[in-house]
Amino acid sequence: MVDKFENIDMIEIITKKRDGEKLTKDEIKYFVDGYSAGEIPDYQASALLMAIYLNKMDEEETVNLTQSMRFSGDTIDLDSIKGIKVDKHSTGGVGDKVTLIVAPIAAACGVPIAKMSGRGLGFTGGTVDKMESIPGFKTTLEPEEFLKQVNEIGIAVIGQSGHLTPADKKIYALRDVTATIDNLSLISSSIMSKKLAAGSDKILLDVKCGEGAFMEDEEKAAELATMMCKIGKAAGKETMAVISDMNQPLGRAVGNSIEVIEAIDTLKGRGPEDITELTEKLAGIMIFLGGKAKTKEDGYELAKESIKSGTALNKMKEFMERQGADVNVINDYSLFPQAEYKVEIKAEKSGYINGIDAKIIGIASQHTGAGRAKKEDEIDYASGIYIEKKVGEGASVGDTLAIVCGNNREKVDRAASEARKAFKIGENSPKAFKLIKKIIEI
Ligand code: URA
């Protein structure tokens, strides 16, 4: 049952925002509660969203919008877990298998990880789909089992369950069809409402920027990251953000089982350079936020050490075993689902790789069967794209740039002709770029 507010009227709320005025906390709550309860029709909600899109919300309004959405459904209570629980969120990337690496590293360093992850969305993959490509892995646990596992082994990662932030689900779906996605307050409140409802004490955000991300330029990504850190702080949860590059896929594997294999390789100390650098930094910050390192720099060292000593890989094994997976996959990758077809993309000219459009690769990977076009589509876990040549590397005519794999020949061929267009080869080596552009703490 929605709270009734005296003297609040949806037409007045729309009028105020249309005229560039500030909305009160009660007006925002009236809209969020009323819309999620079905008492405010889509046409009024759409009008308000467009007014917000055009006239923006300030920080206070954005915090109030987030809090109303956060409490629109269930919230997770992690108080029975000892220690400072740290959550991590990525704004979505291509080849982003970071959670599968940083979660066991942070847990191995004593930071409790009680995490809910999502499925793939559009051309960006999701951790839950990746975990489900591991034979036997269960991504649903009863709440008591989830809490018990974190208390006993320090880590549990499951799919989003329960009735979390229903207002965000409804508002997001409406934004998607009313051209109101791309707004700072609407994006930041959507992400942070879910993170706050998920119950951890502190939050680390990996905000991607570049062609394969929501925010194409660094300035906009920093603005989004700063707003989300402020929302976290206002809710009493320390929040930090890293702005990282998404101008080419992260690592070399894009798909599901091939990304898990790359994550395991990284935990063995032999992952691609970019994934290794990013995950050591992110895990290091989580260790710092979780109170297990005095400084971020100490955190980075502890993260590195956990890989060198094998404790992070052991934690991954323990975590997989506890969630029902066949842990033999760690030493025998042939136990993962295998692709029947593999098509190589060859270089048609010699030079240096100047760019790999992450969005094109993400979409092509989705078309191999690694992602869904519709919610009910089945995933082909073995499919995806393996990048042989990354930005800055040299290639001669005939060299393999990427291998496109899957179990449906037609899909693989189509994806290969799409993925070919992602590679830009120039005569000269491209300018060096920074993978981690900025760290934001407020
Ligand atoms: N991710 C979300 O969860 N919400 C947005 O609005 C954008 C990205």
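Modeller: Let's begin with a definition: a crossing is left-handed if the near helix is turned anticlockwise from the far one by less than a right angle, and right-handed if it is turned clockwise. Keep in mind that the model here is predicted.

Biologist: Which crossing do α1 and α2 make?

Modeller: A left-handed one: that is how α1 passes α2.

Biologist: How are two packed helices described?

Modeller: By two things, the angle between their axes and the distance between the axes. Take helix α1, residues 10-18, and helix α2, residues 25-36: their axes come within 11 Å and cross at roughly 120 degrees. That makes α1 oblique to α2, because angles over 145 count as roughly antiparallel and those from 65 to 115 as roughly perpendicular.

Biologist: Which residues of α1 and α2 meet?

Modeller: On the α1 side they are M10, I13 and K16, and on the α2 side E27, Y30 and F31.

Biologist: Could we try another pair? At what angle do the axes of α5 and α11 cross?

Modeller: At roughly 35 degrees, and the axes of helix α5 (residues 99-108) and helix α11 (residues 257-267) come within 9 Å. This crossing is right-handed. From α5, the contact uses L100, I101, P104 and I105, while α11 brings V260, A263, T266 and L267. Seven of the contact residues are nonpolar, one is polar and none is charged.

Biologist: And how far apart are the axes of α4 and α10?

Modeller: They are 10 Å apart, and helix α4 (residues 59-70) packs on helix α10 (residues 218-234) at an angle of about 65 degrees. Here α4 passes α10 in a right-handed crossing. E59, T62, V63 and T66 of α4 meet M227, K230, I231 and A234 of α10.

Biologist: Which atom of the ligand lies 2.6 Å from a polar side-chain atom of S190?

Modeller: A nitrogen atom of the ligand. R175 has a polar side-chain atom 2.9 Å from an oxygen atom of the ligand. For K194, an N or O atom in the side chain is 2.5 Å from an oxygen atom of the ligand.

Notes. Residues numbered from 1 in each chain as written. Predicted model: local features only at pLDDT ≥ 70, side-chain atom pairs only at ≥ 80, totals over all residues. Heavy atoms only, no water. Axes fitted to C-alpha atoms, helices over the stretch in contact; angles between N-to-C directions. Helix = DSSP H or I, 4+ residues; strand = E, 2+ residues; numbered from the N terminus. Parallel < 35°, antiparallel > 145°, perpendicular 65-115°, else oblique. Contact = heavy atoms within 4.5 Å. Polar contact = N/O pair within 3.5 Å; in protein donor to acceptor, adjacent residues only side chain to side chain. Nonpolar A, V, L, I, M, F, W, Y, C, P; charged D, E, K, R; others polar.
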